[in-house]
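Subject: Structure handover

Hello,

Here is the structure you asked about. Please open it next to this message and follow along.

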Amino acid sequence: MTGMRVKLTFPEDLVRRPVLATMVRTYEVDANIRRANVEEHEGWILCELTGAPDALDAAVGWLRAEGVGVDLLGDVLEG
């Protein structure tokens, strides 16, 4: 099990979609939300994602393909 800290940025068309819930169910990755600001036209979330390394890579790739901005914050969390 490993983890990473990320900042997720959501454009207006994704703000109301359950993107994190879908990611958690699909890729078996946990998301620990540390801070967030979600408004009507945009939003961002700072969170820690944990899971198997391959699952994390797939989840991040999926988020980007969905249109979510993903900034890796450089910290890899080993558990």
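One term first: a contact here means heavy atoms within 4.5 Å.

Now the ground rules. This is a predicted model, where local features need pLDDT of at least 70, side-chain atom pairs count only at pLDDT 80 or more, and totals for chains, interfaces and linings use all residues. Residues are numbered from 1 along each chain as its sequence is written, and side-chain values use heavy atoms, with hydrogens and water left out.

**Overall fold**

The protein chain has 2 helices and 4 strands. Read from the N terminus, the order is β-α-β-β-α-β. Helices (H or I, at least four residues) and strands (E, at least two) are DSSP runs, numbered from the N terminus.

The radius of gyration of the protein chain is 12 Å, which agrees with the value near 12 Å for a compact globule of 79 residues. That radius is taken over C-alpha atoms, and the globule rule is 2.2 Å times the number of residues to the power 0.38. Along the principal axes, the C-alpha atoms fill a box of roughly 35 × 20 × 15 Å.

Of the contacts between residues at least 6 apart in sequence, 71% join residues at least 24 apart.

**Surface and charge**

Buried residues account for 33% of the 79. Buried means under 20% relative accessible area, exposed means over 50%, and partly exposed is in between (1.4 Å probe, protein chains only).

The accessible surface is about 4900 Å², and 48% of that belongs to carbon and sulfur atoms. Areas come from the Shrake-Rupley method with a 1.4 Å probe; for residues, only the protein chains shown count as cover.

There are 8 positive and 14 negative side chains in the protein chain. The centres of the two sets lie 4 Å apart. Lys and Arg count as positive, Asp and Glu as negative; His and the chain ends are not counted. Each charge is placed at NZ of Lys, CZ of Arg, CG of Asp or CD of Glu.

**Salt bridges**

How many salt bridges does a search of the whole structure find? It finds 3. The criterion is a side-chain nitrogen of Lys or Arg within 4 Å of a carboxyl oxygen of Asp or Glu.

Start with glutamate 48 and arginine 5, whose side chains meet at 3.3 Å, N to O, in a salt bridge. Glutamate 48 sits in strand E3 (residues 43–51) and arginine 5 in strand E1 (residues 2–10), so this pair ties together parts 43 residues apart in sequence. Glutamate 48 counts as buried, at 15% relative accessibility. Arginine 5 is partly exposed, at 29%.

Glutamate 48 also forms a salt bridge with arginine 34, at 3.9 Å, N to O. Arginine 34 is in strand E2 (residues 30–38) and glutamate 48 in strand E3, so here the tied parts are 14 residues apart in sequence. Arginine 34 counts as exposed, at 58% relative accessibility.

Arginine 17 lies in the loop between E1 and helix H1 (19–27), and glutamate 66 in helix H2 (residues 53–66), so the pair ties together parts 49 residues apart in sequence. Arginine 17 is partly exposed at 40% relative accessibility. Glutamate 66 is partly exposed too, at 30%.

Valine 19 is in helix H1. Is valine 19 buried or exposed? Valine 19 is buried, with a relative accessible area of 3%. Not counting residues up to four places away in sequence, valine 19 touches Phe10, Leu14, Trp62, Leu63 and Val68. Valine 68 is 49 residues from valine 19 in sequence, and their C-alpha atoms are 8.9 Å apart.

Aspartate 71 belongs to strand E4 (residues 69–78). Aspartate 71 is partly exposed, at 42% relative accessibility. Beyond its neighbours within four places in sequence, aspartate 71 is in contact with Arg5, Val6 and Lys7.

Glutamate 28 is in the loop between H1 and E2. Glutamate 28 has a positive phi of about 55°, although it is not a glycine. Its relative accessible area is 69%, so glutamate 28 counts as exposed.

Best wishes
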